[in-house]
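User: I have a structure open and would like to go through a few of its sites with you. Could we take them one at a time?
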Amino acid sequence: MCLYWGSGLTFVTLDEKDLIPGRGARDESGKQPTLQEMSNFRATPGMFGAGYLEMLARQMTAELRAIRDQIAPGQTAALRAKGVYFGELSRRADGAWDVSKVEGLGALSLGTNGQEGPSLLIRPWHQAGAVVSLREFTNNAYNHHHGIQSVERFGEGVDADGDGFVNELTKDDVTAATLFQAVMAAPGRVIPNVPEVEAAVLRGEKLFETAGCASCHTPSLLLSYGGHQFTEPNPYNPAGNATPADTPVVTVDLNSALLPLPRLRLEPFSGTVAVPAYTDMKLHNMCGGAGAPG
Ligand code: HEC
């Protein structure tokens with residue numbers, strides 16, 4: 001049995017007398033929805049190369065925090081991680097933080113608590129940048145989609161959904177399921193050996209830049225030294241997910257030839273890995289029309 005069926009939504013009735021939010025009566029704008037409008041489709045996102053993406057996010061969080069930690073009261077600093085600009089972070093003279101000019105991070109990462117600065121945590125998974133790690137996603141999905149409750153999320157010996165089973169998923173189970181996802185092959189680009197097609201692809205690549213697409217879809221971000229060593233669990237995991245303090249840390253070399261191929265290339269001298277993921281890891285407002293904040 002699931003605790004949260006379909007992420008907490010019951011099936012629609014489209015009955016105007018049904019006042020249960022999200023089920024019948026009204027949509028967000030107060031209108032009676034029709035069957036055609038009541039939902040939209042969600043495509044499952046690709047998961048290839050996921051380990052490299054999570055490591056990029058971890059390194060970028062560390063870079064943003066290093067800048068944050070240097071900001072004294074009365075100062076402002078530009079936030080940059082791997083060359084991507086995240087706006088400006090300021091502190092007023094009394095030490096209070098001002099996040100109004102930070103861009104590309106969701107509200108979850110911008111909360112400030114008096115003298116405590118924003119977490120600036122990059123959350124690379126789920127819609128609208130809500131999930132920190134493959135592990136957090138895994139704990140969510142086992143519960144939401146399979147009705148299986150992990151010990152690290154729901155507690156030892158707790159039968160949270162009353163199905164007669166306890167300890168349905170151990171920390172080690174979650175580590176294994178997470179690592180399986182993290183080590184998936186990184187997709188490559190195969191250009192057919194046909195001159196016309198090759199020329200068209202290369203022209204398309206240029207147009208992608210000149211049209212401005214690459215300003216958000218950054219063609220490549222660089223994992224710095226050590227970044228190909230994926231460690232599980234993620235040190236930034238929120239409560240309800242194991243952290244390195246409470247379960248053994250497992251390290252996997254994402255560039256090992258023993259893993260499913262293809263892998264990305266490790267630069268032999270610098271130890272860096274270029275990750276051609278066409279993302280800047282930022283959130284963008286795509287709904288505001290012309291003039292919307294990028
Ligand atoms: C202002 C930043 C921005 C610009 C500029 C931009 N994109 Fe995007 N693009 C996004 C974001 C954000 C998403 C993800 C939207 C979502 O899933 O809600 C996206 C999604 C996509 C996707 C779907 C990717 C997937 O995995 O589902 C494609 C394809 C795409 N963009 C192509 C383009 C092209 C082509 C251009 C240039 C004409 C472009 N984008 C310009 C931000 C941008």
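User: Is Thr 138 buried or exposed?
Analyst: In this predicted model, Thr 138 has a relative accessible area of 5%. Thr 138 is therefore buried, as that value falls under 20%.

User: Which helix is Thr 138 in?
Analyst: Thr 138 belongs to helix H2, which covers residues 134-146.

User: And what does Thr 138 touch, not counting residues up to four places away in sequence?
Analyst: With those residues set aside, Thr 138 touches Val 174, Ala 177, Thr 178 and Gln 181. Its side chain also forms a polar contact of 3.0 Å with the side chain of Gln 181.

User: Which backbone oxygen lies 2.6 Å from a polar atom of the Thr 138 side chain?
Analyst: That is the backbone oxygen of Leu 134.

User: Changing topic: what is the protein donor of the iron atom of the ligand?
Analyst: The only protein donor is His 217, through NE2, at 2.0 Å.

User: Where is His 217 placed?
Analyst: His 217 sits in the loop between helix H5 (195-210) and strand S4 (221-223).

User: Now the second largest pocket. How much space lies in it?
Analyst: The second largest pocket holds about 230 Å³.

User: Which residues line the second largest pocket?
Analyst: The lining consists of Ala 186, Pro 187, Gly 188 and Arg 189, together with Pro 262, Arg 263 and Leu 264, and also Pro 276, Ala 277 and Tyr 278.

User: How many of the lining residues are nonpolar, polar and charged?
Analyst: Seven are nonpolar, one is polar and two are charged.

Terms used
Residues are numbered from 1 along each chain as its sequence is written. This is a predicted model: local features need pLDDT of at least 70, side-chain atom pairs count only at pLDDT 80 or more; totals for chains, interfaces and linings use all residues. Side-chain values use heavy atoms; hydrogens and water are left out. On a 1 Å grid over the protein atoms alone, a cavity is a set of points where a 1.4 Å probe fits but cannot get out, and a pocket is an open set with protein on both sides within 12 Å along at least five of seven lines; lining residues have an atom within 4 Å of a point. Grid points are joined across faces, edges and corners, and a volume is the space filled by probe spheres set on the points. Ala, Val, Leu, Ile, Met, Phe, Trp, Tyr, Cys and Pro count as nonpolar, Asp, Glu, Lys and Arg as charged, and the others, Gly among them, as polar. Donors are N, O and S atoms within 2.8 Å of the metal (3.2 Å for Na, K and Ca); water is not among the atoms, so sites may look incomplete. Helices (H or I, at least four residues) and strands (E, at least two) are DSSP runs, numbered from the N terminus. Buried means under 20% relative accessible area, exposed over 50%, partly exposed in between (1.4 Å probe, protein chains only). A polar contact is a pair of N or O atoms within 3.5 Å; within protein, one must be able to donate a hydrogen and the other to accept it, and residues adjacent in sequence count only if both atoms are side-chain atoms. Contact means heavy atoms within 4.5 Å.
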